[in-house]
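Reader: I am new to this structure and would like a close look at a single part of it. Please start with one residue and then move on to its surroundings.

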Amino acid sequence: MASSLSPPEKASYHHRHSKRYSSSSTNGNVESSVSDFVKRPKISPQNYISCSEIESEFSHHDPDFARINNGSFGCCPSSILALQRDWQLRFLRQPDRFYFDELKPKISDSRSVIKRLINAEHDDEVSIVDNATTAAAIVLQQTAWAFREGRFDKGDAVVMLHYAYGSVKKSVEAYVTRSGGHVIEVQLPFPVNSADEIIDRFRIGLESGKANGRRVRLALIDHVTSMPSVVIPIKELVKICRREGVDQVFVDAAHGIGCVDVDMKEIGADFYTSNLHKWFFAPPSVAFLYCRKSSNGGGGVADLHHPVVSNEYGNGLAVESSWVGTRDYSAQLVVPSILEFVNRFEGGIDGIKKRNHESVVEMGHMLVKSWGTQLGCPPEMCASMIMVGLPVCLGVSSDSDVLKLRTFLREKFRIEIPIYFRPPGDGEIDPITGYVRISFQVYNKPEDYHRLRDAINELVRDGFRCASLSG
Amino acid sequence: MASSLSPPEEASYHHRHTKRYNTSSSSTTNGIVESSVSDFVKRPKISHPNYISSSEIESEFSHHDPDFARINNGSFGCCPSSILALQRDWQLRFLRQPDRFYFDELKPKISDSRSVIKRLINAEHDDEVSIVDNATTAAAIVLQQTAWAFREGRFDKGDAVVMLHYAYGSVKKSVEAYVTRSGGHVIEVQLPFPVISADEIIDRFRIGLESGKANGRRVRLALIDHVTSMPSVVIPIKELVKICRREGVDQVFVDAAHGIGCVDVDMKEIGADFYTSNLHKWFFAPPSVAFLYCRKSSNGGVADLHHPVVSNEYGNGLAVESSWVGTRDYSAQLVVPSILEFVNRFEGGIDGIKKRNHVSVVEMGQMLVKSWGTQLGCPPEMCASMIMVGLPVCLGVSSESDVLKLRTFLREKFRIEIPIYFRPPGDGEIDPITGYVRISFQVYNKPEDYHRLRDAINGLVRDGFKCTSLSC
């Protein structure tokens, strides 16, 4: 089923990684020292995936492109795509039998794998949905019903980050604002210098949520913001929420599994969603929504429902989500196979995370040095994506500029990179107003980032200005 | 991209169809008069070189399990391998460079699919056509709007929603989840089965509507199936829509899960406010894709419908909202124009397929009735490409559990896939037929599929089989 692979290449993969190990720590874990690493034999263990196998797995990517935006749409190796097709054909071959005999047990298998990966307590706590956007709709619809049915008072608050994802903001408008909730957006600084800045601003935001005797019914917090991208200290924020009596905490970790540490017991949120197709190599698309079983005697879960109601309505969100009418469920069915795939890498998904982090920081530093700019956050506040300032002379001055510049980089340089417009603050002199968000995933190579470095440097040399791009 | 196909076979396909036209030269389908046999015979017997051949059809469905008599197209539909191949192409296009695909291709291509559907269903504007995953999703969209209206006080608590008792299970749950929960009063119209004529349905519906309006209530929504699922009958929806208009029902929503490719789907003719149909059941789409039609009112407005999965497109109209519900595999939606090309390889296109499927399923139904000594569940003109056929009474079907077990038994022992309906005995009935199979006919079916069913059931009858003998 998998594409044919070339024999493992010995030194190349490990050699590149030994260079990466010599830099900073990730998420508080102390890196093996270089000397420790050097003592290990340089021949890669026969079991680990090789460089050429990795290339083969992603050979369906457009080879012309420097694809440095894994964060937006993720990636899926061809061996997983092949397995996905197998599942599709299994259904098409005899759909009734598949529906009656295989679908539910196989989705349960996928849920079990996810439950173990995220350290949830019960399989019941894990529902599989299409994407984080769907998960947000599920949680927020519950909030809307609570307002409409009088369990929440009109004007009770929902607190979210100003940098929340656009679709999630719209979902809050569609469900919370519409049903009478008061929405508070917590402004966060960017660039950000420390986790404390975020924690302080969040605390202030919560307090204003509680002003005038209001209850804060829901705190909606990103684990990793999208644009600009920063890792949010959610463990601390969840603790603050508990102290301040917030009813429910919902962590939106669209960039979650495979990007940051995703441990439900550690994090302690009521709801947590993460896509699997961004950083966990799933085909488009599949995500999980974790819903904590309450610790009170009832052992119940919040009354969440999938908005696409099927005959499974009332059997719990996980079961409701496992059947939302005739669909292609194949992306959900390959999840156990994906675990096998990531375990072909040294350290499994944790090893991949660690190496991606180190690489993206290394590449970020390389760009900053070449462009004379800065990172958008300290290295320890990023995971596998980092914001890198663009040279001021390019004249980025609006959201429209960054979109046009992005298109220009795509069309002229075959570089795929999202760009963030950071409005100048009061009193700032010549601030950096454009930041690229670079991602690093196992298929990326330093050349991808060299191309970006050189393209920007060329534009600077040519006196390029964003204003010159047609609308 | 398509799988390699063998050269057209001349006489076989047309010959089979000539036989079908012989048996049903007198019946009509949806009011259309069949060509007479003599008309047909005058046409040359050499198959038109452009039309798909029998062996090409077999090739297109060669991924189906060859052991099975697959007579249940109604549940999950089918998709030809050439369309599956095109779907994979779309999937790979996205995977190759997803950002570029998202920015440059996705929206225009979904618009193309919407345009094709709009023409197929005779809608007025592309805006009226939204593409969603399936009819179940479409139902949630319409009913969520109803729930907001109750919650926001535009509808009064206790205002009614009228639906058919035979509405699909998931739709009933959706009505409970959205309408009942938000204060609406739900009325289920009981319909007879077996059904003798469209008038029976029309009369019962009128009565149901009247009870909806009792006590000064308004009927805010009528939710009517175009073709019920179990038991399956074609509902005279044009008449029912007219009655709804006369009786001042606010909105009419037609659930045509079995719609396009099964019955005539003409939005202007039918006149409903909302109409949904799956494309993967009878229109050869991969799983899954459906459309939700929302009529623009004469002042150009549309009802305030939203996709429940809210994205950054919120507020740009349902069609645009539905075109982006987060990162997904949209490939099933993108192949729709290619499907139109596929069906046009058949004589008469989708209309020809519909007509021949109807003629064939009636022929097969009558064959089974004759062999088993039972009856059809409705007159032939009240079915489309599915029909209910009574099972011999001696099999002892006496519960929902029996039909599920019998279905499993037929699947596992005989490799026959067929859904079975339990029809509870009515008061005073002597030895009524309590089990009906729902047979479907689609282009890949052959008479042998139905002969196998006929013979399997006859075998069970001869063996003195009783449903009670089946273990759980």
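Between which strands of chain A is the loop in which His277(A) lies?

Author: The model is predicted: local features need pLDDT of at least 70, side-chain atom pairs count only at pLDDT 80 or more, and totals for chains, interfaces and linings use all residues. Residues are numbered from 1 along each chain as its sequence is written, chains are lettered from A and ligands numbered from 1 in the order in which they are written, and side-chain values use heavy atoms, with hydrogens and water left out.

The loop that holds His277(A) runs between β7 (271-275) and β8 (287-291) of chain A. Strands (E, at least two residues) and helices (H or I, at least four) are DSSP runs, numbered from the N terminus. With a relative accessible area of 2%, His277(A) is buried; buried means under 20%, exposed over 50% and partly exposed in between, for a 1.4 Å probe and protein chains only.

Leaving out residues up to four places away in sequence, the contacts of His277(A) include Phe73(A), Cys75(A), Asp130(A), Pro284(A) and, from chain B, Thr327(B). Contact means heavy atoms within 4.5 Å. Val286(A) is also touched, and its backbone nitrogen is reached by the side chain of His277(A) at 3.2 Å. A polar contact is a pair of N or O atoms within 3.5 Å; within protein, one must be able to donate a hydrogen and the other to accept it, and residues adjacent in sequence count only if both atoms are side-chain atoms. Gly258(A) is 19 residues from His277(A) in sequence, and their C-alpha atoms are 9.7 Å apart.

In total, 64 residues of chain B are in contact with 64 residues of chain A. The chains bury about 6,000 Å² between them, 55% of it on carbon and sulfur atoms; buried area is the accessible area (1.4 Å probe) that two parts lose on being put together, summed over both. Of the area that chain B buries against chain A, Phe76(B), Trp148(B) and Arg181(B) supply 13%, more than any other three residues.

There are 14 salt bridges between chain B and chain A, each a side-chain nitrogen of Lys or Arg within 4 Å of a carboxyl oxygen of Asp or Glu. One of them joins Asp62(A) to Arg100(B), at 3.0 Å from N to O.
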